[in-house]
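Dear colleague,

Please find the structure below, handed over for your review. My findings follow directly after it.

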Amino acid sequence: MPKKFTQFSILLSSPSDLQTERDEIPNLIDELNKTYGKSNEVHFDLIKWETHSAPGVTHEYTQQIINEDIGDDYDIFLGIIWKKFGTQTAVAESGTEEEFLRALKRFNNKENIQILFYFKSEAVPVDDIIPDQIAKIKNFKEVLKENNVLYGNFNSSEELISQLRIHLPKRTDNLLMHSTNDYTKIDSQENNFEIFSDNEEIGVLDFIIQFDDYMANANLALNNISDATSIIGEEFKNKTTELDKIKKLPNFNKNLVAGILGRTAKSIDNYTARLLLETPLYEENFESAIKVGSIYINNINKDNIQENIENIKSLLESVKSLKDNIPKAINGMDGFNDAIKDWPNVYSVLTRSKNKLLTQLDLMHLTLKNSYNLTHEFEGELEYKLKL
């Protein structure tokens, strides 16, 4: 006899410049239905104007067509914004803002609804910058803050998916916890996705091994970056001392200075190359670890927690190790960043090397900061599971 699943609808709202994310989110919803959904007897239905609205005509304004087609019968509002805010409507600065305000009104009316909002932090190409749109986005962030909406940031579609893999189950738990209504029930659907195979121990073990391998590789890349930072920092310190000594000599030799600056530029280029090699290795393994780990814990509920406690503790130990290492790497790079910025732009070769490195350090800092935040959240989910 099929089980009855509680159905939750998610409204995806965004301007037109986030098509990649809009294409990826349905795949995540399918995954969550087969992991978290199956484990918690929940089914997600994704609502998008592309699939839940249609061309039409109105006496009011075009966004009203979408409003009427979609309605307010959804449980989670999911908004994402990048470089465009959207086209102004009759009641708001964009369709996305109007849809948000409708959701916010329901929340303020004490309806059991969750609101998740994210901003893409990837740099906007110069040719795509529209000052008016950027200003509206900045103003909208203030609107969110004034209404006590805590929003998130992401740098890539992969990073957004990693966050949603954690956040959507968390906010669905909130809906279930505060529910006073009878949600729509649907019959369970057959699916072919199984995290746990018929031989459950082997299925679980596969996920734990994969997670540990990805985490180990991420830690290795991070350690390599930290070691390289330590080495370049020491080299930079020695060359600074060497320059200071030469400048104090009675017969100041500009050729000696040029030689030191040239060797410094070479060292900086080598460090930049190391970052360019290790950064994608870190990102790929970190994202894979969080994906595998999230899929695993999204299958854990009160019924199977006991046989998975030791595995969760193992995951938690690995996560804590990485979480401890990330700030050390950030501090090392920030210290070197501050030191190299102080060097004057007196030698063109060194200046080019320095500017290239500073750009890479900024990107790596953002990567590590975002991964630290996600690691912190994943750590919290593991600790939450241990309390079931």
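Phe119 counts as buried at 2% relative accessibility, where buried means under 20% relative accessible area, exposed over 50% and partly exposed in between (1.4 Å probe, protein chains only). This is a predicted model, in which local features need pLDDT of at least 70, side-chain atom pairs count only at pLDDT 80 or more, and totals for chains, interfaces and linings use all residues. Residues are numbered from 1 along each chain as its sequence is written, and side-chain values use heavy atoms, with hydrogens and water left out.

The structure holds 14 aromatic pairs; rings of Phe, Tyr and Trp (its six-membered ring) pair if their centres lie within 6.5 Å, and planes under 30 degrees apart count as stacked, over 60 as edge-to-face and the rest as tilted. One of them joins Phe100 and Phe117 in an edge-to-face arrangement, at 6.0 Å centre to centre and 85° between the planes. Phe100 belongs to helix H5 and Phe117 to strand S4, 17 residues apart, and the pair links distant parts of the chain. Helices (H or I, at least four residues) and strands (E, at least two) are DSSP runs, numbered from the N terminus. Phe100 is buried at 0% relative accessibility, and Phe117 is buried with a relative accessible area of 1%.

Phe119 and Tyr151 also form an edge-to-face pair, 4.9 Å centre to centre with 75° between the planes. Phe119 lies in strand S4 and Tyr151 in the loop between helix H6 (131-146) and S5, so this pair ties together parts 32 residues apart in sequence. One aromatic cluster takes in Phe77, Phe85, Phe100, Phe117, Phe119, Phe140 and Tyr151.

The largest pocket contains about 720 Å³ of space. On a 1 Å grid over the protein atoms alone, a pocket is an open set of points where a 1.4 Å probe fits, with protein on both sides within 12 Å along at least five of seven lines; lining residues have an atom within 4 Å of a point. Of its 27 lining residues, Phe117, Leu150, Tyr151, Gly152 and Arg171 lie nearest the centre of the largest pocket. Helix H11 (348-386) is among the elements that give two or more residues to this lining, and H11 gives the most, with six residues.

The second largest pocket has a volume of about 580 Å³. Its lining comprises 30 residues, with Ser14, Trp49, Gln63, Ile66 and Gly95 nearest the centre.

Yours sincerely

Terms used. Grid points are joined across faces, edges and corners, and a volume is the space filled by probe spheres set on the points.
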